[in-house]
Amino acid sequence: MILLWGSNARAAHPIFFHHVLRGIHNGARMYCIDPRRSESARWADVWLGIDVGSDIALANAMGKVIIDRGLHNDQFIRHATTGFDDYVQMVNDYPLGRATEITGIPGGAIEEMAIAYATAETAQICWTLGITEHHNATDNVLALINLALLTGHVGRYGSGLCPLRGQNNVQGGGDMGAIPNKLPGFQDVENDELRARVEGIWGRSIPPKRGWHLTQMFEAMEAGMLRGLYVIGENPAESEADVNHARKLLDHLDFMVVQDIFMTRTAERADVVLPSAADWCESEGTVTSSERRVQRVRKALDPPGEARTDLDIVSHMAEAMGGGWGRPSAEEAWDELRRVSPMHAGMAYRRLDALGGIQWPCWNEDHPGEKFIHHRLWADPLVGDPVPFIPTEWVTPVDRLTQDYPYRLTTGRHLDGFNTGVQSGGFDSPIRIGGTLDLSSEDAVRLGVNDGDVVRVSSRRASIDVPARVDEGLREGLVFMTLHYPETADVNQLTIEAWDPKSGTAEFKATAVRLEKVGA
Amino acid sequence: MIDITIDGEVVQVVSGSTLLDACRLIGKDQPTLCYLETLSPVNVCRVCVVELEGSRTLVPSCSRMAESGMVVQTDSERVRHSRKVVLEFLASSVDLSLAGSEVRDWLDQYEARPDRFGPRAAPTGDRDRRHAGHHHRTTGSVAETVQQSIKIDNPLYVRDYSRCILCYKCVEACGEDAQNTFAIAVAGRGFDARISTEFDVALPESACVYCGNCIGVCPTGALMFRSEHELRQAEMWEEERQTVTRTICSYCGVGCNLDLHVQDNRIEKVTSPQDHDVTSGHLCIKGRFGYEYVQELGDLATTPIDEVLARARQH
Amino acid sequence: MAAEPTPAERAVITRSIPESETVEVLGRVVHGGHDARQQRHLLLPALAAVQSEIGWVSPGALNEICRRLLVPPAEAYGVATFYALISIEERPPLVAHVCDDIACRQSGGNEILSALGDRLDVITSPCLGQCDQCPVVLMQRAGQDDFVITAATSADVAAALNGAESATTPSHVEGGRLLKRVGQVDPGSLAQYRREGGYQALARAFELGAAAVIEEVKMSGLMGRGGAAFPTGIKWEAVAREPAPRYLVCNADESEPGTFKDRVLMEGDPFSVLESMTIAGFATGSSRGYIYIRGEYPLAFHRLETAIAACQANGLLGGDILGSGFDFDIEIRKGQGAYICGEETALFNSIEGFRGEPRQKPPFPVQVGLFGRPTAINNVETLANVPLIVLEGGAAFGAIGTPDSTGTRLFCLSGDVVRPGVYEVASGVTLRNVIDLAGGIEGDLTSILLGGAAGSFIGPEHLDLRLTFEDARAAGVSLGSGVIMVFNSTRDMKDLVRRVARFFRDESCGQCVPCRVGTARVEEAVARANGSIEASLIDELDRAMKDASICGLGHTAAAVVRSAIGLGVLGESR
């Protein structure tokens, strides 16, 4: 059984969805929780059209159904978890009636899904940004984890939790330590012992305190505490929520270096631009996929002009800063990483080539990697610490719906689009429909608009004019835009920068807007 | 384990193996056209037929399951004869000039003489409108073919059904075996059967999502990336000068392997390895075509992005 | 923008098929997925309903069907274009399908076509299964029932195209067992059927029990009458051994040119078909039966439909039949003009809503049949023997005919005989005996088409052939579906052989290369035969088509041409 929650994988992760479809053809049942009846939802046995930002209420209500009917996995809970009693107490506040009120989903459907999930032999919860682009993103994820702990659908072949990564190396970036509080291999930077070990390998001291994540950096800019910025392969001048505000902050920096393959809107604002090679086809290295599979990227093309690989640029930069480490090849840099990060230790290039990638952890060169993780939870006696239930309460999205802003705007991807369109905009796609404001046929009638008519979409932060497009997958009051066309439909002028303090993700998925037909 | 005998040699195979698997195990690969490891066997091309003792007819080795005690001949007179005639049927009715070189080898090996059915009939323009159960009267003076004009109705694909042997691979890749888009199916009947969208609408009006997975499995060049087609038309397609480099797609976190086919420092085609379990050879539109932005479009580092994109689209 | 259906089309579709997905609360919950996708088997009935009511299947109608059934439009188009009776182009509401097949073409069919063949509403047709009353025309009518004109003239057809109707004349039949009631009872009266002994066999079967019924059928030596001559009892036993659910299918897609015996049974004694199926269903442990009948048999379809309703209303179909505790129901599916759907696995695909393409065997239907389940599939005539076996016992049945060909058989006499019709004889009588029953030959015999288009042309030297499986096999011929079509010296045999070659080129499903291209190459070779024929080429093609094709169509398509070459009708061999 598959719970596809806040994900339109059919468009955003098409090849992952091939695997889902293979499962469906083999008899797997899929429940799809999504405000929109998306391309993915059309394959579901049951689609539940949830209100944007009410996921925790739904998950908690499912938890209550499962417990009330005695369908929870008592043995697993006792063996591998803590905090069950608090969880029980918390979900008691989410009877079906209240859940329906919050989520908009009929109680019967919630009940059916809860029972199906709890009684399935194996079950996966797969999610994407519908869960994580909220101001309470981490709580959303925790609410789903609680369901897996409750039923024991974790740590077993075929049962688990599966966040789908949006880029080829989101996972790898974290694995490599490109997050404020971790060293490579998820080693806590504030753990003196771990830090000391890495310092030993690097021969340098490492600041003992965690850094800022992206959203905190922008706050620091606002507070004047952050004055210089080195941006590698990011385009915050288009990708940040409430983007006008973000642009202003970038413009006020003392100094900004941008290292990118394009002259992006962020690069246009930079003091220095370092042209770099495209990582996936003009340089060597590794990336890590959603399934923790480390695979090699290879150089197929010579980069244009003076562009150089990121590794080369960073190495030169280090040298210029007086801390040079020579000019390691990608493989040499990787082999150093394997010494630093125990869970990558066994991943020699030679093995990555031979095995078509390896899924971490891979402790040594005899280890095949792991198809799934958390199996320790089933070991008897339990290996490591038990996992806590972390009760999470539902709260509404920050951008409230009111009479002035009565429509809920949510965002997502098109099949042929990618993020701000910088890469995907480059090819001639026959299915590209451009940036539109998608709305239900009922709302189209109410506003008197047909496909192609321009509507003014206004949030509490900005207004933009975009063509309308009727989508039968939307219900009244719910509208949708993609982020791929900032030049014509700059949705991030509308979105709110409210963000999740635990993950730093902004609430792209829930904006309150008003719609008017232009020229009416 | 199951014991079977192939051309007098006893072979041990695991249960669930096909006769083709068994043949391959002893280094006796059989010719196949409609078979692909990543697709369900459809048993339609019939070039892989072998003689099975006790069977009235020959059997398709690609799908016939090995059973204990089977005695199989892969090179008997009957097998050679059927393969020869089947290859003659294909070569006399379809343009095989872009099929893999192994197809030409088989034509030689089985001494196929496709010309013996007479001169090839002139191309026709009505194949997509033929009604089941009715066909033009023939005088028999020419051999009917599937010759027709090439379909170019979008910027990414060309469909040249003069080269189509109706192996069903594209239909399977578009359908349940991979993409599940079902933009194309076999329509019509008999010699007039053809691959078609609904009502033969152009691809942009069909359900097609341009994943290119049909092209990825086409064995005869009937389906082709437009980039390759245009280079071939200009006689600039030079496979021997191309490099093929494996890398990972950057458009999402699934980790699809891409094989970049590069000529003159330009990506001209993207495929995916069939033996990699993430993609099984299949990609989406972004992985397949989303590379234009790294082609030589001027100095990317100094050219404003909007100009780069405009140039890429013109390309 | 996808094409929308017209209101009339929408109304037909709404009547004929349900919505597959159910919306619980608009915009909130939709139940779809696996359950919804299981409606695909309604695709052909839906296409047929639109064809029948509207006269063609437009893009809008196709889209609406696809939307409701969750079938991709390209696939539905592939299915629609597989069938000759479905038009995807707009055409007149009244269309005449004029048979120009072997029996009709030189007996008036060609005259009608030369008089009317230029009209858009007149098209040629393969055999319509009424070869005893040539020439035959099927009137396909939008919004009204189709009907068949027998012994048609061009004036009849012109009148029919102006809206006139005409009644079909029943075929001439002679026979005391299978044909006992045909022409003697009211085919619409269940009561009369029961008065004439109907449903005694079913009651007896319930007394015996399923296993014993299979034993009796095995003992009877009954072999399939559709052409393949497989022992029926063995087939049933194999199905009964497999896990439920199982299906029972009656193959009534009688499309072999020259064959019309099953039509005669269905039109004249429809309840016996249903009773036979119910016994077969009971014996094999099937809970559901399907009759797949060719679309060119409107009268038989109508009579069966009426009979099913009567049985359902009288506890003879449905739950707990005759208080036995056995549940069984029958659904009738109409073919849409595809000879290949008489092939059992093609028939399954057709019912399931796919193109009627045969499947590679093994697996055999007894294990993997309709909807992937164990399935017993029998021809109408085969099934019609079952009540007799149950009532008189397998041993008594087996005593009729020869030890290797038990029981009686129906032969379809047509062509140059005095009284064309269906004749029931005990296996073992000679070809000459049967032709004599039909009043003998008109004119000088040149050849006989035995077994149908998938059979062979034989010469007068075979007149003393005993009509048994074993004698036919020994003579290198096949009784096929019981076709005996007689040709005298006035017939243009080369023209007939060309027609047969054209038939196979038209009816090949197109799936496998040997048949798809082979049937075209055979037709070309026959067409260019001018005083002499490339016999060795045809031999080579025949061998490859026999050896490498998927199904019986490809296996036999060139054989009949070879037999004609043997008779010298295509000129000298070279």
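# A tour of the predicted model

Start by selecting Asp35(C): setting aside neighbours within four places in sequence, Asp35(C) is in contact with Arg29(A) and Asp45(A), contact meaning heavy atoms within 4.5 Å. This is a predicted model, in which local features need pLDDT of at least 70 and side-chain atom pairs count only at pLDDT 80 or more, while totals for chains, interfaces and linings use all residues. Residues are numbered from 1 along each chain as its sequence is written, chains are lettered from A and ligands numbered from 1 in the order in which they are written, and side-chain values use heavy atoms, with hydrogens and water left out.

Asp35(C) sits in helix H2 (residues 33-37) of chain C; helices (H or I, at least four residues) and strands (E, at least two) are DSSP runs, numbered from the N terminus. With a relative accessible area of 47%, Asp35(C) is partly exposed, because that class lies between buried (under 20%) and exposed (over 50%), using a 1.4 Å probe and protein chains only.

**Chains A and B**

Next, show chain A with chain B. Here 61 residues of chain A are in contact with 60 residues of chain B. The two chains bury about 4900 Å² between them, 62% of it on carbon and sulfur atoms; buried area is the accessible area (1.4 Å probe) that two parts lose on being put together, summed over both. On the chain A side, select Ile15(A), Trp280(A) and Phe427(A), which lose the most area to chain B and together make up 15% of what that side buries.

Which residue forms a salt bridge with Arg293(A)? It is Asp277(B), with the closest N and O atoms 3.0 Å apart. A salt bridge is a side-chain nitrogen of Lys or Arg within 4 Å of a carboxyl oxygen of Asp or Glu, and the rule finds one across this interface. Colour the chain A side by element: helix H1 (9-12), helix H2 (14-25), strand S11 (272-275) and strand S13 (293-297) each supply at least two residues. The largest share, eight residues, comes from H2(A).

**Inside chain B**

**Backbone stops**

Most residues other than glycine have a negative phi, and most peptide bonds are trans. Select Asn43(B), where phi is near 50 degrees, a positive value. Asn43(B) lies in the loop between helix H1 (19-25) and strand S3 (49-52) of chain B, and counts as buried at 10% relative accessibility.

Finish in chain C. A cis peptide bond joins Lys361(C) and Pro362(C), with omega about -5 degrees. The bond from Pro362(C) to Pro363(C) is cis too, omega being near 5 degrees. Pro362(C) lies in the loop between helix H15 (344-351) and strand S11 (375-379) of chain C.
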